[in-house]
Amino acid sequence: MVMVSVASPSPMVRAEEDLGPPWLRPLLGTSFFVPCRMHPELSKNECNLFCLDCTGDALCAYCLPAHRDHHVVQIRRSSYHNVIRVSEVGKLIDISHVQTYVINSAKIVFLNGRPQARPGKGVTNTCEICCRSLPDSFRFCSLGCKLGGMQWDPSLTFAIRPKRGQGSGDDGSGSDDSFSPKKPRRTAGFDLGRFDRPGIRWSDDEGSRSNNGRPITPGTPTINRCRPSRRKGIPHRAPFYG
């Protein structure tokens with residue numbers, strides 16, 4: 001009689017290149033909103049920028065000329081946590097299953113998890129990594145939590161899947177560098193205007209248009225059909241009695 005031992009299946013270990021672009025882990029582990037070490041003597045030297053090509057330390061506004069031809073993203077703060085706009089990161093990686101928020105008319109995602117000690121009453125769905133309460137349509141509360149979930153779920157990915165009928169090249173074939181940041185087009189000089197300045201709020205200028213996109217025009221005034229008041233006669237002075 002031959003005894004055959006069956007080994008229990010071990011959890012799948014994914015390669016590093018399958019866990020997102022090479023700049024994602026450095027971005028999640030970088031300390032932001034600290035004074036710049038390269039420009040300590042200058043004012044407003046807070047580091048809130050990150051170069052996806054260099055994947056080094058956080059940058060301040062004075063560091064930008066050294067990264068003239070690189071892809072730089074801006075990190076913001078919400079409730080003392082680092083966030084990034086969906087308009088910036090959504091073009092580079094797939095952020096599906098991650099909860100998004102709207103702050104000052106801009107949609108953002110958190111970089112790292114925000115654990116909760118205990119979920120509130122009536123909570124039916126929580127983050128699969130840090131157990132933060134979430135709406136039912138999401139699985140993770142941040143990019144870092146999705147990265148942690150990819151360790152054991154092979155269906156998760158940060159690679160952007162092309163839409164049906166939309167090719168990434170002239171020949172219709174898929175691109176092999178879906179994680180590589182696209183270089184922004186630049187005209188004369190280095191464009192610093194795409195980064196926010198301190199004290200400027202994010203807002204939309206949509207108040208001058210109606211829901212259908214047409215400019216709002218003043219309506220026709222209503223006609224008052226009430227009869228005008230009858231004019232009084234000429235006043236007469238009372239007779240004078242001596």
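## Basis

Residues are numbered from 1 along each chain as its sequence is written, and side-chain values use heavy atoms, without hydrogens and water. In this predicted model, local features need pLDDT of at least 70 and side-chain atom pairs pLDDT 80 or more, while totals for chains, interfaces and linings use all residues.

## Nonpolar core

The largest nonpolar core holds 40 residues. Such a core is a set of buried Ala, Val, Leu, Ile, Met, Phe, Trp, Tyr and Cys residues joined through side-chain atoms within 4.5 Å. Trp 23, Val 89, Ile 93, Val 109, Leu 111 and Leu 143 have the most contacts inside it. Two or more residues come from each of α1 (24-29), β1 (49-51), β2 (72-74), α2 (86-89) and α3 (143-149). Helices (H or I, at least four residues) and strands (E, at least two) are DSSP runs, numbered from the N terminus.

Val 89 touches Trp 23, Ile 84, Ile 95, Val 109 and Leu 143, leaving aside residues up to four places away in sequence. Contact means heavy atoms within 4.5 Å.

## Asp 153

Asp 153 sits in the segment after α3. Asp 153 is buried, at 12% relative accessible area. Buried means under 20%, exposed over 50%, partly exposed in between (1.4 Å probe, protein chains only).

## Two loop residues

Tyr 80 lies in the loop between β3 (76-78) and β4 (81-85). Its phi is positive, near 65°, though Tyr 80 is not glycine. Tyr 80 is exposed, at 74%.

Asn 104 is in the loop between β5 (101-103) and β6 (106-110). Its phi is also positive, about 55°. Asn 104 is partly exposed, at 31%.
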